[in-house]
Amino acid sequence: MSIEFKAWPKIPRGSGEKVCITEKMDGTNSCIIISGGKLAGVQSRNRFITPEDDNYGFATWVQDNKEELLGLGEGYHYGEWVGCGIQKNPHNLKEKSFYLFNASRWDKNNPNLPNCCSVVPVLFAGVGNQEEIDRIMYKLKECALQEGYTPEGIIVYFCKTKRYEKYTYNHTEGKWCR
C-alpha cells in the first residue's frame, strides 16, 4: 500500500475575519462551464442540463447568449437563475436573469462581466461578526418590505477560510424572524 504525507492545514486566527455578505436570491442554482475557450456544459444544482432537458429555460438561455457568456473565461461560473416562473420570484422580475455568485470577482467594474449577467447584490464587505450579520438581516428585511418584496435571506462568504454560510428568514432560530 502506497501512502502520501498530507499535512493538517493551517488554521487562521479568529481575529475578525473579512466577509462579503450578499443577498440570497430566490431562484434555482445554475452553472455555466467554460473550458478551452468553449462552452463545455450547463448544470443545475444536481445534474447537467440541455435545452432539450432544461431547468426553467436556463440551458436555452445559455445557448442563446453563448458568445457573450464566453467572456466569463475558463472555469465553473455559479449563480442563481431567477425571475418569473422560478420559485416565488420575490423581486417580481418580469424576465429571467442570471446572477453570478462570486461578487468580489464580478463587481460592476469588471470589464469581462457579460451584459446579459448580473451579480448578486453586495450588502456588506468588511470585518464581520454575528452583530453585523444580524444588522444586515434587519436592514435587508426593512428595505425589501419598503420596496415591496420579501427577501429570502443572505449569504456570508468568509474570505480567509473561503467558506459560505446562509441565513434565511424562515430559519426559526434567527432573532430577525420575530
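## Loop, strands and cores in a predicted model

Gln87 sits in the loop between E4 and E5. Helices and strands here are DSSP runs (H or I, at least four residues, for helices; E, at least two, for strands), numbered from the N terminus. The model is predicted: local features need pLDDT of at least 70, side-chain atom pairs count only at pLDDT 80 or more, and totals for chains, interfaces and linings use all residues. Residues are numbered from 1 along each chain as its sequence is written, and side-chain values use heavy atoms, with hydrogens and water left out.

**The loop**

Gln87 is not a glycine, yet its phi is positive, about 50 degrees. Asn92 is also placed in the loop between E4 and E5. Its phi is near 55 degrees, again positive in a residue other than glycine. Buried means under 20% relative accessible area, exposed over 50%, and partly exposed in between (1.4 Å probe, protein chains only). Gln87 counts as partly exposed because its relative accessibility is 48%. Asn92 is exposed because its relative accessible area is 51%.

**The chain as a whole**

The protein chain has 3 helices and 9 strands. Along the sequence they follow the pattern β-β-β-α-α-β-β-β-β-α-β-β. The C-alpha atoms fill a box of roughly 60 × 45 × 35 Å, taken along the principal axes. Of the 178 residues, 40% count as buried. Contact means heavy atoms within 4.5 Å. Among contacts between residues at least 6 apart in sequence, 57% join residues at least 24 apart.

Strand E1 (residues 18-24) is mostly covered, with 6 of its 7 residues buried. Two strands pair if DSSP finds at least two bridges between them.

| Partner of E1 | Sense | Bridges | A bridge pair |
|---|---|---|---|
| E7 (residues 122-127) | antiparallel | 5 | Thr22 and Val122 |
| E8 (residues 153-158) | antiparallel | 6 | Glu23 and Ile154 |

**The cores**

A nonpolar core is a set of buried Ala, Val, Leu, Ile, Met, Phe, Trp, Tyr and Cys residues joined through side-chain atoms within 4.5 Å. The largest one holds 25 residues; Ile32, Phe58, Trp61, Leu69, Phe98 and Cys117 touch the most other members. Two or more residues each come from strand E2 (28-35), helix H1 (58-64), E4, strand E5 (97-100) and strand E6 (117-119). H1 gives the largest share, 4 residues. Apart from this core lies another, of 14 residues, including Val19, Ala144, Tyr149 and Phe158. In soluble globular proteins, nonpolar side chains tend to be buried together.

What does Trp61 touch, not counting residues up to four places away in sequence? Its contacts are Ile32, Leu69, Trp81, Phe98, Cys116 and Cys117.

**Gly75**

Gly75 is found in strand E4 (residues 75-82). Gly75 counts as partly exposed because its relative accessibility is 23%. Leaving aside residues up to four places away in sequence, Gly75 touches Ile32, Ile33 and Ile34. Gly75 and Ile32 are 43 residues apart along the chain, but their C-alpha atoms are separated by 8.2 Å. Ile32 is also among the residues that touch the most other members of the largest core.
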